[in-house]
Amino acid sequence: MREQFTTVMKEAMKAGDKRRLATVRLIQAALKDKDIEARGAGKTVSDDDILALLQKMVKSRQESADIYAKAGRPELETQEREEIAIINEFLPKQLGEDEVKAAIAVAISETGATSMKDMGKVVGALKAKYTGQLDFAKASALVKGMLGG
């Protein structure tokens, strides 16, 4: 994934795409921070960690865009939405709601979950298979509903 960021950054420089260039630089800066943090703990940053970082960046920008929309700042909202679109290019395709429900049903059957006590097992199984492909906040709510919580 790191090579992909570098390639996209070079392409953006050549094309003169300032928004894309700035966004990729933000991603690389956040990744460098994550590397430093991991090095201090004696770990390395995996592709799953990078996907989680990108998802966190998207979520942060969505919250900011919503705030800007409510505050009547359409130019800032547009900027945040453009950054979201660029970051999403690096994330795997998100699962649709029906696909998420099917994945949850499979995870429930695989883990043998029967009650709310087993919710952690189900979410853990989902994270192992679908990191970067679904919003775990929404998925957790669906798991809760399917387990009768």
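**Exercise 1.** Determine which residue forms a salt bridge with Arg 20 at a closest N to O distance of 2.7 Å, and where the two partners lie.

*Solution.* Step 1: The partner of Arg 20 is Glu 89, with 2.7 Å between the closest N and O atoms; a salt bridge is a side-chain nitrogen of Lys or Arg within 4 Å of a carboxyl oxygen of Asp or Glu.
Step 2: Arg 20 belongs to helix α2 (residues 18–40), whereas Glu 89 sits in the loop between α4 (74–88) and α5 (97–111), so the pair ties together parts 69 residues apart in sequence. Helices are DSSP runs (H or I, at least four residues), numbered from the N terminus.
Step 3: Glu 89 is partly exposed at 44% relative accessibility; buried means under 20% relative accessible area, exposed over 50%, and partly exposed in between (1.4 Å probe, protein chains only).

The model is predicted: local features need pLDDT of at least 70 and side-chain atom pairs pLDDT 80 or more, while totals for chains, interfaces and linings use all residues. Residues are numbered from 1 along each chain as its sequence is written, and side-chain values use heavy atoms, leaving out hydrogens and water.

**Exercise 2.** Identify the network of salt bridges that includes Arg 20.

*Solution.* Step 1: Arg 20 also forms a salt bridge with Asp 17 (3.6 Å, N to O).
Step 2: Asp 17, Arg 20 and Glu 89 are therefore linked in a network.

**Exercise 3.** Locate the salt bridge partner of Asp 66.

*Solution.* Step 1: Asp 66 pairs with Arg 81, the closest N and O atoms being 3.2 Å apart.
Step 2: Asp 66 lies in helix α3 (residues 47–70) and Arg 81 in helix α4, 15 residues apart.

Definitions and conventions. Helix = DSSP H or I, 4+ residues; strand = E, 2+ residues; numbered from the N terminus.
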